[in-house]
Amino acid sequence: MHDLVLLNTVYKLYTMGEVNVTALNGISLTIKKGEFVAVMGASGSGKSTLMNILGCLDSPSSGKYYLEGIEASQLSKNELADIRSKKIGFVFQSFNLLSRTTVLENIEVPLIYSRRLSKTDTDRVTQTMRILGLESLQKHYTNQLSGGQQQRVAIARAIVNNPTLLLADEPTGNLDSVTSMEVMNVFSNLNNKMGITIVLVTHENEIAKFAQRVIVLKDGNLLSDTISQSAMSDVSKMPCESIL
Amino acid sequence: MLPILKIAIRAIMRNKLRSFLTILGIVIGVGAVITMVSIGHGAKVMVDKQLESLGTNVLIIIPISTAHSAVRGTTGTITLTAEDALAIKKECGAVSHVSPGIRTSIQAVYGNMNWTTFVSGVGPDYQIVRNWQLASGRFFNEQDINIMAKVCILGQTVAINLFGTSDPIGMWIRVNNVPFKVVGVLSKKGESPTGQDQDDMILMPYTTVQRKIMGVTYVGVTLASSVSAEARFEAIEQITALLRQRHRLKPNEENDFSVISQVEFASTIAETSRTMTILLGSIASVSLIVGGIGIMNIMLVSTTERTKEIGIRMAIGAREKDILFQFLTEAIVLSSIGGVVGVVFGIVLSILISYFGSWPSLLSTPSIIIAFFFSNIIGIFFGYYPARKASRLNPIDALRYE
């Protein structure tokens with residue numbers, strides 16, 4: 001099988017004032033289609049930088065990044081935007097929804113930017129809302145929703161374009177433990193049932209347990225990369241609706 | 001509706017008061033441009049119309065030098081005679097018609113009606129020189145001049161004030177207790193460029209005015225017409241030379257008369273009104289530009305405020321162009337709304353000014369269209385910089401912005 005993500009000795013250097021910071025220190029990594037990867041590490045370990053590069057928001061200082069065989073590290077700003085709109089889904093810690101905008105409109109935004117506005121595409125919005133149990137909330141403004149609901153809207157927005165890679169940067173960081181479990185079950189299901197590849201950053205071991213593979217970063221280096229066998233197999237067998 | 005337009009309208013509606021104030025600048029700018037252009041256009045049309053009615057080849061011969069008119073006017077003798085006028089017609093090749101003129105204030109009486117006005121003594125050429133049609137009756141002929149006929153022709157204002165709606169032709173009016181027969185009525189001419197009612201006067205043969213009313217032998221302001229509009233300068237030279245010779249002026253003596261062209265006189269007024277239009281239009285344009293700066297200011301604030309939103313949009317796939325067009329559309333929607341409201345405002349204001357200010361204003365469709373499109377161009381021009389600034393943001397920094 002084709003590697004979905006291939007990082008080859010990726011470096012990322014920042015200059016902050018007069019100090020040079022090495023955020024990624026030659027990371028090489030492959031992620032296969034359908035994997036659920038958790039990225040862990042202390043703050044400043046390079047997790048966010050890695051996510052930004054994987055999400056085509058940033059380019060590596062050196063080294064190569066291939067996404068589905070395309071060398072993303074060589075692309076222009078507009079080509080990166082194109083990849084983001086068609087292949088990447090983002091879920092953030094602080095939800096990052098458009099405020100004073102309805103749930104439905106938030107989920108539609110990626111369709112506008114990927115120029116997919118046909119009937120099948122708008123049907124997919126409805127379908128996505130159903131998967132995430134947001135149908136009854138579609139006319140609500142996002143600032144009226146609870147944290148868990150907002151994060152589900154953000155997930156819906158991230159997957160509405162059928163991304164090949166779903167990136168989540170501490171998606172449970174702003175949620176209580178019960179809601180966190182709910183949201184993690186959503187991710188688990190998206191991975192199991194729909195085969196969406198997920199890379200998820202977290203601090204918490206509880207959350208990392210949902211992933212099949214855990215990568216630990218330290219000071220921009222890959223500290224460990226372990227395949228976990230205990231990956232919540234019991235939850236994944238449950239039907240989608242019952243979790244939500 | 002286009003999604004981009006929907007986003008722009010929502011962003012505008014989010015800050016209603018702010019958007020309203022921003023739009024107000026454009027409304028005032030566009031409204032002012034339309035109003036000022038309408039007023040200027042109206043004034044120009046009015047002056048043009050009057051210029052046309054004056055005749056482009058009319059020359060005015062004034063029997064006092066303009067150089068020292070105050071001195072001579074009080075002490076000097078008036079030297080222009082009817083013979084001078086006839087000589088001009090006979091000897092100046094560039095002059096086709098001459099009408100000696102003499103004017104005095106009188107009171108005209110018909111029945112129990114009376115009207116204080118001017119009587120103008122003129123020659124048979126007067127009608128041609130002034131290009132003035134009769135509403136009814138006939139004009140004076142050579143015989144009327146020769147026999148000092150007691151006939152008169154009424155201006156519209158006089159005819160209406162003395163006779164109302166009845167026909168004055170053939171009736172007798174009394175001027176200084178002398179009866180005069182009305183042989184014609186002039187057509188309406190309206191106001192002169194200086195604002196006088198040209199229809200408020202009575203015409204008589206100049207010989208009649210000289211002998212029967214004033215008892216003098218000289219003539220006053222005499223009108224002549226050159227053979228063509230182009231020949232008017234040549235005509236002025238010929239008249240000047242002839243009159244100097246007839247008045248036996250030595251080379252070092254100044255003219256005891258002046259010859260001016262009516263066109264130059266009227267075009268001075270036209271020029272003044274044109275200058276005023278340009279001035280008013282420029283002031284109005286400045287307010288439109290100030291309105292544009294207002295849009296730019298608000299768009300800059302708006303893009304800064306919405307840095308996070310821009311970051312989110314970029315993270316979920318917005319290209320630079322998408323962000324650029326989003327904010328540009330917002331600026332254009334703002335300025336277009338301002339343009340539409342401004343057009344309405346300008347039209348209403350022009351109508352009000354011409355109605356209450358007795359100043360002619362003429363709405364011109366091109367000025368409305370130009371003002372509207374100009375407001376859009378202002379929107380694009382002043383919206384481009386903030387929009388480009390927004391589109392150039394780095395998505396990571398924008399996302400982190402709080």
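1. Strands here are DSSP runs of type E, at least two residues long, numbered from the N terminus. One such run is strand S5 of chain A, residues 70-71, and A:Glu71 lies in it. Keep in mind that this is a predicted model.

2. Stay with A:Glu71. Which residues does it touch, once neighbours within four places in sequence are set aside? A:Glu71 is in contact with A:Lys64, A:Tyr65 and A:Tyr66. Now look at A:Leu6. In sequence, A:Glu71 and A:Leu6 are 65 residues apart. In space, their C-alpha atoms are 9.2 Å apart.

3. Move to A:Leu7. With neighbours within four places again left out, its contacts include A:Lys64 and A:Tyr65. A:Ile27, A:Ser28 and A:Leu29 are also in contact with A:Leu7.

4. Next, the largest nonpolar core. It has 68 residues. Which of them touch the most other members? They are A:Val5, A:Leu7, A:Leu54, A:Tyr65, A:Leu165, A:Leu167 and A:Val199. Helix H12 of chain B, residues 320-356, gives the most to this core, with 8 residues. In soluble globular proteins, nonpolar side chains tend to be buried together.

5. Helix H1 of chain B runs over residues 3-14, which is 12 residues. From first C-alpha to last, H1(B) reaches 16 Å. That is close to the 16 Å expected at 1.5 Å a residue. Which residues of H1(B) are buried? B:Ile7, B:Ala8, B:Ala11 and B:Ile12 are. They lie on the same side of H1(B), because they cover an arc of only 135 degrees around the axis.

6. Check the cysteines. How many disulfides does the structure hold over all chains? The count is 0. Is B:Cys92 buried or exposed? B:Cys92 has a relative accessible area of 4%, so it is buried, given that buried means under 20%. B:Cys152 is buried too, with a relative accessible area of 0%.

7. Last, the layout of chain B. It is divided into domain 1 (3-50 + 267-400), domain 2 (64-94 + 224-256) and domain 3 (101-218). How many Å separate the centres of domain 2 and domain 3 of chain B? Taken over C-alpha atoms, the separation is 26 Å. These two domains of chain B also touch: 7 residues of domain 2 are in contact with 4 residues of domain 3.

Key
Residues are numbered from 1 along each chain as its sequence is written. Chains are lettered from A and ligands numbered from 1 in the order in which they are written. This is a predicted model: local features need pLDDT of at least 70, side-chain atom pairs count only at pLDDT 80 or more; totals for chains, interfaces and linings use all residues. Side-chain values use heavy atoms; hydrogens and water are left out. A nonpolar core is a set of buried Ala, Val, Leu, Ile, Met, Phe, Trp, Tyr and Cys residues joined through side-chain atoms within 4.5 Å. Buried means under 20% relative accessible area, exposed over 50%, partly exposed in between (1.4 Å probe, protein chains only). Helices (H or I, at least four residues) and strands (E, at least two) are DSSP runs, numbered from the N terminus. Contact means heavy atoms within 4.5 Å. The expected span of a helix is 1.5 Å times one less than its number of residues. The arc is that of the directions from the helix axis to the C-beta atoms. A disulfide is a pair of cysteine sulfur atoms within 2.5 Å. Domain bounds come from an automatic or database domain assignment.
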